[in-house]
Amino acid sequence: MILGIETSCDETAAALVTVDGHIRANVVSSQADLHAQYGGVVPEVASRRHLELVGPVVREALGEAGVTLDDVDKVAVTQGPGLVGALLVGLAAAKAIAWSRRLPLAPVDHLRGHVASLYLEPDPVEPPFLCLLASGGHTLLLDVRGYEDEQVLGTTLDDAAGEAFDKGARLLGLGYPGGREVDRLARDGDPAAYDFPVAQVPGLDFSFSGLKTSLLYATRELSADELDARRADLAASYQRAIIRALVGRVREAAAQLGSPRIAVVGGVASNSELRAALPDAALAPLPLCTDNAAMIASAGRFAATLAYPGYLGLDAYASR
Amino acid sequence: MADTVTSSPEETEALAAALAASLEQGDVVTVAGELGTGKTTFVRGACSALGVRERVTSPTYTIGHRYHGADGEVSHLDLYRFAGVSAAEWGDLEPYFDDAIAFVEWPEAGEGVLPEPRYRVRLRHAGDAQRVVSIDEC
C-alpha cells in the first residue's frame with residue numbers, strides 16, 4: 001500500500017493506493033466551501049492551514065481504507081512545483097511518517113501526478129499517449145512516452161486555461177468555482193453569439209490572456225440589464241473559444257505525432273464541452289481531475305524511490 | 001515618472017525592460033491594475049531584460065514563481081486570491097523576497113505587510129489595445 005500526500009496549493013490531501021493501482025481511500029480537505037463564500041479568494045493561503053489539516057487528513061485516509069501505518073509500504077509526496085511553504089508541510093509529514101516506520105519515500109512532481117491520475121484502476125491507461133494537462137495553475141501539452149518519461153510540447157504563454165475560466169466567471173459576475181459556473185451557464189447560451197478570438201501563437205503553445213481581455217471589452221459595453229440578458233451567450237461563446245483553443249492544439253499535436261491516443265487531465269478535464277469535443281480521449285475520472293493525493297500515490301508507484309533515510313535532506317521546489 | 005501610453009503588449013514589455021535596468025537585488029516592484037490590463041505582460045518584459053529564460057506566466061493560482069535571472073533570482077508573486085496577508089501567510093511569502101528582485105501583482109492585499117516597494121506600477125485600460133502605465137518611484 002502506498003500513502004500519498006499532496007499540499008502543493010490549496011488542498012491538503014492524503015490517499016491510499018495499492019501497489020497494483022486500486023484506490024483504497026482518497027481524502028481531500030477541500031476548502032471549496034470557503035472559496036465559494038469568499039468568491040474564490042482564500043481566507044488564508046498559508047502553510048499553517050496545511051499544518052493543521054495534514055495529520056487529520058492522513059488519519060482519515062487510513063480510517064477510510066481500514067488500514068494502519070503497518071500496512072503502508074511506501075510514502076509518496078508532492079515535491080513541487082507549488083508554494084514552497086505549503087509543499088514543505090507535506091514533505092515534512094511524509095518524511096516523518098516514512099522515517100518513523102523505516103519506509104522508502106518517493107518524491108513526486110505535481111504535474112506528473114496529474115498524468116498519473118490516468119494509471120489507476122478500474123480503467124488504467126498505459127503510455128504512450130498525448131496528454132493535455134489543463135488546470136487553474138497549469139496548461140501543458142505532453143508527449144507521454146513512459147510512466148517516467150514525457151516531453152513538453154507546449155505550455156501557456158500567459159494564463160492557464162482554468163484561470164481563464166475563473167477570471168471569465170468573475171467578469172461575468174458568476175460564483176465560484178468559476179469553471180463549473182461558466183460550464184453550467186453556457187448550456188443555456190449561444191456559443192456563436194460572440195466571436196471571441198483564439199490567440200494565434202507559434203508552435204504548440206497556448207495563450208488565454210487576450211481572450212480574457214476580449215470578454216472584458218464585451219462586458220464593458222453592456223448595461224447591467226443587457227449583461228443579465230446576454231450572460232449565458234457570453235459564457236457559451238467564451239467557453240467555446242477556450243475549448244476550441246485547447247482542442248485545436250491537441251489535434252495539431254496528434255497529427256504531428258502520428259495519431260497517438262489522446263488523454264486529458266487536470267481540473268479543466270471536468271468541463272463538459274471539452275469532454276464532448278474529445279470523444280475518443282481517455283479522460284481523468286471526475287473525482288481525480290482537481291488536486292488530490294490518489295494521483296500522487298499513483299505516480300509514486302513508478303517514481304524513483306529513496307530508501308530510508310536518504311530522503312531526509314529532500315527539499316521542495318517552487319518551479320519546474 | 002510621468003504616465004506613458006502603450007499601444008501593444010510589446011510596448012508595455014519594452015517599458016518594463018527599461019525599468020528593469022535600474023533594479024537591484026532586494027528591490028520590490030508592485031504591479032497593480034484591473035483584469036486584462038497587462039500586469040503579467042509587464043513583469044514578463046522586466047524579467048526578460050533581467051535575463052530570465054523561463055516562461056513568465058500568471059501566478060494567480062500558484063501564488064509565487066521563482067525565476068533565474070542573469071545576475072540573481074527573480075520572484076513573481078500574485079495576491080489576487082488573498083483577502084489580506086496574515087502573519088502565517090507572510091511566513092510563506094517572505095522567502096520570495098530574500099535575495100531576489102520581487103514583482104507583486106494584485107499587491108492591494110499586502111498593503112502595509114509586504115516590504116516597501118521601490119517602484120509602484122499601475123496599468124489602466126485606455127481603449128482598444130492602449131494602456132496607461134504609471135510608474136512611481138517610492
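Domain bounds here come from an automatic or database domain assignment. Chains are lettered from A and ligands numbered from 1 in the order in which they are written, and residues are numbered from 1 along each chain as its sequence is written. The model is predicted, so local features need pLDDT of at least 70 and side-chain atom pairs count only at pLDDT 80 or more, while totals for chains, interfaces and linings use all residues.

**Exercise 1.** Find the domains of chain A and describe the contact between them.

*Solution.* Start with the bounds: domain 1 of chain A covers 2-123 + 289-300, and domain 2 covers 129-284. Next, the spacing: the C-alpha centres of domain 1 and domain 2 of chain A are 27 Å apart. Now the contact (C-beta atoms, placed from the backbone, within 7 Å): 13 residues come from domain 1 of chain A and 21 residues from domain 2 of chain A. On the domain 1 side, helix H1 (32-37) and helix H4 (110-116) of chain A each give at least two residues. Helices are DSSP runs of H or I, at least four residues, and strands are runs of E, at least two, numbered from the N terminus.

**Exercise 2.** Work out the fold order and burial of chain B.

*Solution.* Count the elements: chain B has three helices and seven strands. Then read them from the N terminus on: β-α-β-α-β-β-α-β-β-β. For the extent, picture a box of roughly 40 × 35 × 25 Å along the principal axes, filled by the C-alpha atoms of chain B. Finally, 51% of the 138 residues of chain B count as buried (20 or more other C-beta atoms within 10 Å of the residue's own, with C-beta atoms placed from the backbone).

Note on methods: Contact = placed C-beta atoms within 7 Å. Buried ≥ 20, exposed ≤ 12 C-beta atoms within 10 Å, placed from the backbone.
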